[in-house]
Amino acid sequence: PILNQFPDLEYALRYQGLIYLEQKKFAEAAIFFQRVLNKSPNDLLTRLNLARSCFALDKRDQALQEVNEVLSCAPQLQGAQHLLWTFYLKQNQTEKIVQEMEANPKIHRGLIWFWKGYFFRQERKNQEAIQEFERVLLESGTDPEFVCTAALEKGKIHKDLQQFSQAIESW
């Protein structure tokens, strides 16, 4: 393999880390990503992949440190934001996701309302969920996919509450 010939070649190290990440061999991936970062500490994508590996290995403190380092250099990097939101979701910290989304002016308000509705639904806060889904439905210019999904989610809540006529009306 090329790594035997060129053991410090960053491209080969990064690529090997990506292969291990794809194979879900997270400990091995982390080793290769760390080797790249030892040579190029400003390589944000490699740092993000190290964070992904650390999350999968349940090394949350290191993962958060890596994600926050990426976000401090590139606050609009969506991959880092999504990874942070995934962490919050696993920690049942949905309010932090909403705060992060609301603080980002590039995220469409309809998307925020949809996720707030989804989180409320998961928490069995049905009235709050319905209100957020209705905000999506009333917002002009919202992506049709979100409108349809919000209508379906609203209908599911009504069905779960055995409010069948409202469920049918939602759909």
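At 61% relative accessibility, Q162 counts as exposed (buried means under 20% relative accessible area, exposed over 50%, and partly exposed in between, with a 1.4 Å probe and protein chains only). Q162 is found in the loop between α10 (144-160) and α11 (164-170); helices (H or I, at least four residues) and strands (E, at least two) are DSSP runs, numbered from the N terminus. The phi angle of Q162 is near 60°, a positive value in a residue other than glycine. Most residues other than glycine have a negative phi. A positive phi, near 65°, is also found for D58, which lies in the loop between α4 (44-56) and α5 (60-73).

The structure is a predicted model, in which local features need pLDDT of at least 70 and side-chain atom pairs count only at pLDDT 80 or more, while totals for chains, interfaces and linings use all residues. Residues are numbered from 1 along each chain as its sequence is written, and side-chain values use heavy atoms, with hydrogens and water left out.

The secondary structure of the protein chain comprises 11 helices and 0 strands. The radius of gyration, taken over C-alpha atoms, is 21 Å, well over the 16 Å that the globule rule gives for 171 residues, so the chain is more spread out than a compact globule; the rule is 2.2 Å times the number of residues to the power 0.38. Along the principal axes, the C-alpha atoms fill a box of roughly 70 × 30 × 25 Å. Of the 171 residues, 38% count as buried. Among contacts (heavy atoms within 4.5 Å) between residues at least 6 apart in sequence, 34% join residues at least 24 apart.

A search of the whole structure finds 13 salt bridges, each defined as a side-chain nitrogen of Lys or Arg within 4 Å of a carboxyl oxygen of Asp or Glu. One of them pairs R60 with D58, with the closest N and O atoms 3.1 Å apart; R60 is partly exposed at 35% relative accessibility. K116 and E102 form another, at 3.5 Å from N to O. K116 lies in helix α8 (residues 109-122) and E102 in helix α7 (residues 94-103), so this pair ties together parts that are 14 residues apart in sequence. K116 is buried, at 17% relative accessibility, whereas E102 is partly exposed, at 40%. A salt bridge also joins K125 and E123 (3.5 Å, N to O). K125 is partly exposed at 35% relative accessibility, and E123 is partly exposed at 34%. Salt bridges with shared partners link R121, E153, K156, K159 and D160 into one network.

The largest pocket has a volume of about 270 Å³, a volume being the space filled by probe spheres set on the points, which are joined across faces, edges and corners. Of its 16 lining residues, H82, W85, M101, I107 and L111 are the closest to the centre; lining residues have an atom within 4 Å of a point. Helices α6 (78-90), α7 and α8 each supply at least two residues of the lining, and the largest share, 6 residues, comes from α6. By class, the lining has 8 nonpolar, 7 polar and 1 charged residues; Ala, Val, Leu, Ile, Met, Phe, Trp, Tyr, Cys and Pro count as nonpolar, Asp, Glu, Lys and Arg as charged, and the others, Gly among them, as polar.

Notes: 1 Å grid on protein atoms, 1.4 Å probe; cavity = no way out; pocket = protein on both sides within 12 Å on 5 of 7 lines; lining within 4 Å.
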